[in-house]
Amino acid sequence: MFDRKGPTNLDGFAGSGADFMPEFSEFIDDGKTIVTSPHKLYGPEQSDLALRLRKNGVDQVILVGMSVNLCVEAHMRELLEMGFEVAVVSDATAAAKLPEGDGYLAAIINFRYFANALWTTDEAVALIEAL
């Protein structure tokens, strides 16, 4: 996953295990999907995400992801700070549970305070299809 020659170099990417899941490739390679350089820790501060979104006239973002209380929350906070509208899809996220607490629940509570919207997958799909 991290053994790459550079953030934009795709040599050896296909079939490497860090590649996109095959069932999503038709959507990723559709010519409309924006693929940015990878983030370094949790948020998008060191990536070209905001630049690519703005260059494409995007000001609304829907977030999903595996580590909701780390990467998804960090992206949400930074994108909000940069003036984007951000919705999070609550059932398309996950987080670890530790003896000290539940990362998913902690993030969902924070999203209620910060995100512009908190949707289920069904709600997100219905809203997108209505566009």
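A patch is made of residues with over 30% relative accessible area and no salt bridge, with like charges joined within 9 Å and nonpolar side chains (Val, Leu, Ile, Met, Phe, Trp, Tyr) joined within 5 Å. Accessible areas come from the Shrake-Rupley method with a 1.4 Å probe, and for residues only the protein chains shown count as cover. The model is predicted: local features need pLDDT of at least 70, side-chain atom pairs count only at pLDDT 80 or more, and totals for chains, interfaces and linings use all residues. Residues are numbered from 1 along each chain as its sequence is written, and side-chain values use heavy atoms, with hydrogens and water left out.

**Exercise 1. Surface patches**

State which residues form a nonpolar patch on the surface, and place Leu-131 in the chain.

Step 1. The nonpolar patch consists of Ile-62, Val-64, Ile-128 and Leu-131. Together these residues have about 430 Å² of accessible area.

Step 2. Leu-131 belongs to the segment after helix 5 (121-129); helices (H or I, at least four residues) and strands (E, at least two) are DSSP runs, numbered from the N terminus.

Step 3. Leu-131 has a relative accessible area of 88% and is therefore exposed. The classes are buried (under 20% relative accessible area), exposed (over 50%) and partly exposed (in between), with a 1.4 Å probe and protein chains only.

Step 4. A negative surface patch is made up of Asp-19, Glu-26, Asp-29 and Asp-30. Asp and Glu count as negative and Lys and Arg as positive, while His and the chain ends are not counted. The place of a charge is taken as NZ of Lys, CZ of Arg, CG of Asp or CD of Glu.

**Exercise 2. Salt bridges**

Find how many salt bridges the whole structure has, and describe the pairs.

Step 1. A salt bridge is a side-chain nitrogen of Lys or Arg within 4 Å of a carboxyl oxygen of Asp or Glu. The search of the whole structure finds 3 salt bridges.

Step 2. Asp-48 pairs with Arg-52, with the closest N and O atoms 2.6 Å apart. Arg-52 is partly exposed because its relative accessibility is 32%.

Step 3. Glu-73 pairs with Arg-77, and the closest N and O atoms are 2.8 Å apart. The two residues are 4 residues apart in helix 3, so about one helical turn separates Glu-73 and Arg-77. Glu-73 is buried, at 8% relative accessibility, whereas Arg-77 is partly exposed, at 34%.

Step 4. Asp-102 pairs with Lys-97, the closest N and O atoms being 3.9 Å apart. Asp-102 is partly exposed, at 26% relative accessibility, and Lys-97 is exposed, at 66%.

**Exercise 3. Sequence and space**

Step 1. Ala-124 is located in helix 5. With a relative accessible area of 6%, Ala-124 is buried.
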